[in-house]
Amino acid sequence: HRHIRGYTADGQPYAADDPALLTWVHVTEAFAFLQGFRRYAHCKLPARDADRYYNEVRRIAVALGARDVPGSERAVGDYLRDRQDELRFDDRSREVLRVLSGIRLPVPAAGLSRELFLHAGAALLPPWARRMMRRTPMHLAKANVASHTLAAVAPLFRSALQNGIAAQSCARMARKPDLLRDFEMVARSG
């Protein structure tokens, strides 16, 4: 990360190894993964398990150089709320969305798959982020349809990934975490 440097749209320097930036990236990533699991895994996740997840992944962020990383769901919510005034949806943000919208996936019906995942991901955004992006009713409708579609086909993806990265990692560790076991039980039930 230390080689990645640049300037914000208003000319402020930034560095990818800045502890505050590392914290932001980690927290938003962990938040998005948890929201995706909740929406698309077809199982309830108790609050204590969400807190355990945030506390466990917090250690990774700290090891990578992040500081003051929140370790519970409530703390993550507070952190995201406290950062809202620092965020911008500008031309650079739009460029990132344009690039993501043009990625060619190595799967059948790549355009359809890409759009499904992009819109389903947008459905995971908190309401304040959607407002910041000025999502139109058409955007919101597409996100809603994609969210329901992905939720419906998620069991197919899980069955196709039975020997995926998560399962291989657990096999190497010779253990099966509670969440993965619960996830697999839900996947098998359909």
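This is a guided tour of one predicted protein model, going from the whole chain to single residues.

**Before you select anything**

Because this is a predicted model, local features are described only where pLDDT is at least 70 and side-chain atom pairs count only at pLDDT 80 or more, while totals for chains, interfaces and linings use all residues. Residues are numbered from 1 along each chain as its sequence is written, and side-chain values use heavy atoms, with hydrogens and water left out.

**Stop 1: the whole chain**

Show the chain as a cartoon and look for 9 helices and 2 strands; helices (H or I, at least four residues) and strands (E, at least two) are DSSP runs, numbered from the N terminus. Of the 190 residues in the chain, 30% are buried, where buried means under 20% relative accessible area, exposed means over 50%, and partly exposed lies in between (1.4 Å probe, protein chains only). Among the contacts in the chain with a separation of 6 or more, 57% are between residues 24 or more positions apart, a contact being heavy atoms within 4.5 Å.

**Stop 2: the start of the chain**

Select Gln12, which sits in the loop between strand 1 (5–7) and strand 2 (13–15). Gln12 is partly exposed, at 47% relative accessibility, and, leaving aside neighbours within four places in sequence, Gln12 is in contact with Gly6 and Tyr7.

**Stop 3: helix 1 against helix 2**

Next select residues 19–40 (helix 1) and 47–63 (helix 2), which pack at an angle of about 145° with their axes 10 Å apart. Here the axes are lines fitted to C-alpha atoms, for helices over the stretch in contact, and angles run from 0 to 180 degrees between N-to-C directions. To see the contact itself, show the side chains of His26, Ala30, Phe31, Phe33, Leu34 and Arg38 in helix 1, which meet Ala50, Tyr53, Tyr54, Val57, Arg58 and Ala61 in helix 2. By class, this contact has 9 nonpolar, 1 polar and 2 charged residues; Ala, Val, Leu, Ile, Met, Phe, Trp, Tyr, Cys and Pro count as nonpolar, Asp, Glu, Lys and Arg as charged, and the others, Gly among them, as polar.

Keep helix 2 on screen and pick out Asn55, which is partly exposed at 29% relative accessibility. The C-alpha atom of Asn55 is separated by 9.0 Å from that of Val69, although these residues are 14 apart along the chain.

**Stop 4: the nonpolar cores**

Which residues touch the most other members of the largest nonpolar core? In this core of 21 residues, they are Val27, Leu34, Tyr53, Tyr54, Val76 and Leu80; a nonpolar core is a set of buried Ala, Val, Leu, Ile, Met, Phe, Trp, Tyr and Cys residues joined through side-chain atoms within 4.5 Å. Helix 1, helix 2, helix 3 (73–83) and helix 6 (127–132) are the elements that give two or more residues to this core, and helix 1 gives the most, with 6 residues. Apart from this core lies another, of 10 residues, including Leu116, Ala123, Leu124 and Ala151.

**Stop 5: Glu73**

Move to Glu73 in helix 3, which is partly exposed with a relative accessible area of 26%. Not counting residues up to four places away in sequence, Glu73 touches Leu34, Arg38, Ala50, Asp51 and Tyr54. From C-alpha to C-alpha, Glu73 and Tyr53 are 8.9 Å apart in space and 20 residues apart in sequence.

**Stop 6**

Asp68, in the loop between helix 2 and helix 3, has a positive phi of about 55° although it is not a glycine, and Asp68 is exposed, with a relative accessible area of 77%. Arg134, in the loop between helix 6 and helix 7 (137–160), also has a positive phi of about 55° without being a glycine, and Arg134 is exposed at 66% relative accessibility.

Finish at Phe89, in the loop between helix 3 and helix 4 (91–102). Is Phe89 buried or exposed? Phe89 is buried, with a relative accessible area of 18%, and, leaving aside neighbours within four places in sequence, Phe89 is in contact with Arg94, Leu97, Met132, Met133 and Arg135.
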